[in-house]
2 protein chains.
Amino acid sequence: MTRVYLAGPDVFLPDAADWMARKKAICTGYRLVGVSPLDDLPGEPAAWANLPEWRRIALRNEAHIRSCAAVIANLTPFRGPSADAGTVYEVGFARGLGLRVFGYATVATAFLDRTLSSIGGGRRDPDGSWWGADGMLVEQFGLFDNLMIEGGITESGGTVICEDQDRWHDLSVFERCVQAAATALLGASTDRHT
Amino acid sequence: MTRVYLAGPDVFLPDAADWMARKKAICTGYRLVGVSPLDDLPGEPAAWANLPEWRRIALRNEAHIRSCAAVIANLTPFRGPSADAGTVYEVGFARGLGLRVFGYATVATAFLDRTLSSIGGGRRDPDGSWWGADGMLVEQFGLFDNLMIEGGITESGGTVICEDQDRWHDLSVFERCVQAAATALLGASTDRHT
């Protein structure tokens, strides 16, 4: 069975366990096994029990990702114009391992607009470049987030799907992303398995 | 010569080229070769010329990182409570490749405090957990940023150095980080080479 790691700030939701179960059920419908950051790690080394919790979680998540063929990342902007930092780390980590990465977001506003809105505007130079009120350049490649994220995902053979929905309560965009991942990983059939 | 990739939002500074030259000079003083995201890539594949600029930059940065023994990442909070998304991606990417990663920041405020301040406060449950005004859990492991970042850096054999300084104009914290990297990568001598 093809395993996909479900990265995202979803683990910070009040009903995280139920929510991740719903995401896993959607994966199952597309013949993929969803792996959640909240899952226990089979065969977790006994020595990890002596580590502080944050190190154990980080090692466990890295091990989960190593056990998967791909990552499906929730890139919905989280507490700032960009995706959750832990999720972005995991996207880069997966790409370093050579995995396929797919991303989705329930917000469709472009990175340039989100950034300008977040930092209180900016000014546009005659050459067309945008500078933030913070005195630093604002990326403007028409992408959804920092170019490393979309660059890595594209190069991995994955894709990014964005659509305006109820930010932390929608799973329809996630499902479209799972469908795209299943097509890429398992072949041409994209019908939901019932 | 041991090469280290200099990740960070420094590339968005108005004087980015000069600034990166100063960072490289500091690396040279510790017998390390600093590689900048702004550097040309020797032997860049001709086919890349046909790609859109953002994909070329992403591929070039990934190739730069692959050519290095370690990454030294500027994790100073950037347009939100966390580090720059591109930098976080590169930290994860380097960790996936098995490189050593070192991080530094010119801000010492903990992630919990930065997050609460960024999202307009939160409430503390009787069990001690913090929930943001955005309705989602706030990480509180006493770390400097999301646990994946510090977890990955620690596991790689690197370290994170934070100190309150003039956020985008200080290089003293960077230099301490370069010194720590040189010690870890080259051996015990941490004297600046003059």
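User: How do you know that the span of α3(A) agrees with its 13 residues?

Analyst: This is a predicted model, and the check uses its C-alpha atoms. A helix is expected to span 1.5 Å times one less than its number of residues. For the 13 residues of α3(A) that gives 18 Å, and the end C-alpha atoms are 18 Å apart, so the two values agree.

User: What makes α3(A) mostly covered?

Analyst: A residue is called buried if 20 or more other C-beta atoms lie within 10 Å of its own. Twelve of the 13 residues of α3(A) are buried. Among them are Tyr89(A), Phe93(A) and Arg95(A). After the helix comes Gly98(A), with a positive phi near 90°.

User: Which helix gives the most to the side of chain A that touches chain B?

Analyst: Between the two chains, 45 residues of chain A are in contact with 45 residues of chain B. On chain A, the helices α2 (53–66), α3 (85–97), α4 (111–118) and α5 (147–156) each supply at least two residues of that side. The most comes from α3(A), with twelve residues. Sorted by class, this side of chain A has 25 nonpolar, 13 polar and seven charged residues.

User: What is the phi of Arg79(A), which is not a glycine?

Analyst: Most residues other than glycine have a negative phi. Arg79(A) has a positive phi of about 55°. In chain B, Arg79(B) also has a positive phi, of about 50°, and is not a glycine. Arg79(A) lies in the loop between β3 (70–74) and α3 of chain A, and Arg79(B) in the loop between β3 (70–74) and α3 (85–97) of chain B.

User: Why is Arg79(A) called buried?

Analyst: Burial requires 20 or more other C-beta atoms within 10 Å. Arg79(A) has 21, so it is buried. Arg79(B) also has 21 and is therefore buried.

User: Is Asp164(B) buried or exposed, and how do you know?

Analyst: A residue with 12 or fewer such neighbours is exposed. Asp164(B) has 12 C-beta neighbours inside 10 Å, so it counts as exposed. Its place is the loop between β8 (160–162) and α6 (172–186) of chain B. Leaving aside neighbours within four places in sequence, Asp164(B) is in contact with Val107(B) and Ala108(B). The C-alpha atoms of Asp164(B) and Thr106(B) are separated by 5.0 Å, while the two residues are 58 residues apart along the chain.

User: What makes β5 (122–124) and β7 (137–138) of chain B edge strands?

Analyst: The open sheet in chain B has three strands in the order β5-β6-β7, with antiparallel pairing. β5 and β7 of chain B each pair on one side only, and they are the edge strands.

User: How do you know that β5(B) and β6 (residues 130–132) of chain B pair?

Analyst: Pairing needs at least two bridges between the strands. β5(B) and β6(B) have three bridges, in the antiparallel sense. Arg124(B) stands opposite Trp130(B) in β6(B).

How values were computed
Residues numbered from 1 in each chain as written. Chains lettered and ligands numbered in written order. Predicted model: local features only at pLDDT ≥ 70, side-chain atom pairs only at ≥ 80, totals over all residues. Contact = placed C-beta atoms within 7 Å. Helix = DSSP H or I, 4+ residues; strand = E, 2+ residues; numbered from the N terminus. Nonpolar A, V, L, I, M, F, W, Y, C, P; charged D, E, K, R; others polar.
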